Amino acid sequence: MTRKLIGGLAAGFAMLAGAAMAQDYPTRQITMIVPFSAGGPTDTVARLVAESMSRDLGQQVIIENVGGAGGTLGAGRVATADPDGYTLLLHHIGMATSATLYRKLAYDTLGDFEYVGLVTEVPMTIVSRKDMEAADLKGLISYVKEHADEVTLANAGIGAASHLCGMMFMSAIDTPLVTVPYKGTGPAMTDLLGGQVDLMCDQTTNTTQQIKGGTIKAYAVTSPERLAIFPDLPTASEAGLDGFTVGIWHGIYSPKGTPAAINVRLSVSLQKALADPNVIARFAELGTTPSSAAEATPAALKEKLETEIARWKPVIEAAGVYAD
């Protein structure tokens, strides 16, 4: 028997085994790893989606928070997990940026995962302590340029959404600021509320309550259009930063080698979750909308990841700030 024939038979048996496994899938609890701390924006998105997917799949989808190293520890855990559909990863834009931020990753971002689908793209908000002197975004930019050595820009750690948006903001205004990294979104927001730091650029999932409560000052949203929850808050482009759009997209991944039929089953379940009226309503409260059925697919997520790696690579390299 030739080596080519043996290889073909092995591949055929593997496909049959994967199809058989997918027919019964799932038969037990599924773990969705969130590579950030509990209570943060990505965790909130994951729990809403997991709850709805659990009902559709007939098995509980539990969230396990594996924080650290800008999300790479959690991603690494999934990259080495059994490819059986029982360990998933819900990650945000950091899945793409870590490919450049970390020069020695323990996994291959494009080579060690399969794709389930996009979940949502959360807009960011440019916010400050509530007593910041500037009244609007143009005034804020003028102020930070004049006081660049004094103004502090908080983020939730290297690779976090707030860190990425902050880098983009400094690049857009061509002014480096004093950045203050924290170990998570919660501590960063606490110090912004207390006035210990001046600025932050973070997801609406984390800032909406504080903006509405008046405990922080909001200058702009980073979406192409104004948000329904903040109709009076201008976009960054309207407020003086032409073309400044940053969205923190989220996607679900599985380990490389997970049978395609299982990924399709998960993708269909994700699409149902994103059409769930409760998920839609809760996402709206957080200032975001679920991805469409066309976006919540393996192909769409793969294309998004590849595009975003290419988009952020020159930004990060120009900043010269790496996580290792």
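**An aromatic cluster and the core around it**

Author: In this predicted model, one aromatic cluster is formed by Tyr107, Phe113, Tyr115 and Tyr253.

Reader: How many aromatic pairs turn up if you search the whole structure?

Author: The search of the whole structure gives five aromatic pairs. In one of them, the ring centres of Tyr107 and Phe113 are 5.6 Å apart and the ring planes stand at 85 degrees, which is over 60, so this pair counts as edge-to-face.

Reader: And what about Phe113 and Tyr253, how are their rings arranged?

Author: The rings of Phe113 and Tyr253 have centres 6.1 Å apart and planes at 65 degrees, and therefore they too make an edge-to-face pair.

Reader: Is Phe113 buried or exposed?

Author: Phe113 is buried, at a relative accessible area of 0%. Tyr253 is likewise buried, at 0%, and Tyr107, with 7% relative accessibility, also counts as buried.

Reader: Which residues is Phe113 in contact with, leaving aside its neighbours within four places in sequence?

Author: With those neighbours left aside, the contacts of Phe113 include Ala75, Val78, Ala79, Leu89 and Met95, as well as Tyr107, Tyr253 and Pro255.

Reader: Okay, stepping back, which residues have the most contacts inside the largest nonpolar core?

Author: They are Phe113, Leu137, Leu140, Phe244 and Tyr253, in a core that has 54 residues. Helix α6, which covers residues 161-173, gives the most to this core, contributing eight residues.

Reader: Where does that core lie relative to the domains?

Author: It lies between domain 1 (30-122 + 248-319) and domain 2 (123-239), because both of these domains give residues to it. Another core, of 30 residues, lies apart from it, and Ile30, Phe36, Val49 and Ile63 are among its members.

Reader: Changing topic, what lies over the face of Tyr86?

Author: That is Arg28, which is placed over the face of Tyr86 at 3.8 Å from the ring centre.

Reader: Last one: what is the mean pLDDT of the chain, and where does pLDDT stay under 50?

Author: The mean pLDDT of the protein chain is 91, and 94% of its residues reach 70 or more. Over residues 10-14, however, pLDDT stays under 50, and the model has zero contacts beyond four places in sequence for that stretch. Where pLDDT is low, the predicted coordinates should not be read in detail.

Technical notes. Residues numbered from 1 in each chain as written. Predicted model: local features only at pLDDT ≥ 70, side-chain atom pairs only at ≥ 80, totals over all residues. Heavy atoms only, no water. Core = buried A, V, L, I, M, F, W, Y, C linked by side-chain atoms within 4.5 Å. Buried < 20%, exposed > 50% of the residue type's maximum accessible area, 1.4 Å probe, protein only. Helix = DSSP H or I, 4+ residues; strand = E, 2+ residues; numbered from the N terminus. Domains from an automatic or database assignment. Contact = heavy atoms within 4.5 Å. Phe/Tyr/Trp six-rings, centres within 6.5 Å; stacked < 30°, edge-to-face > 60°. Lys NZ or Arg CZ within 6 Å of the ring centre and 35° of its normal. pLDDT = per-residue confidence, 0-100.
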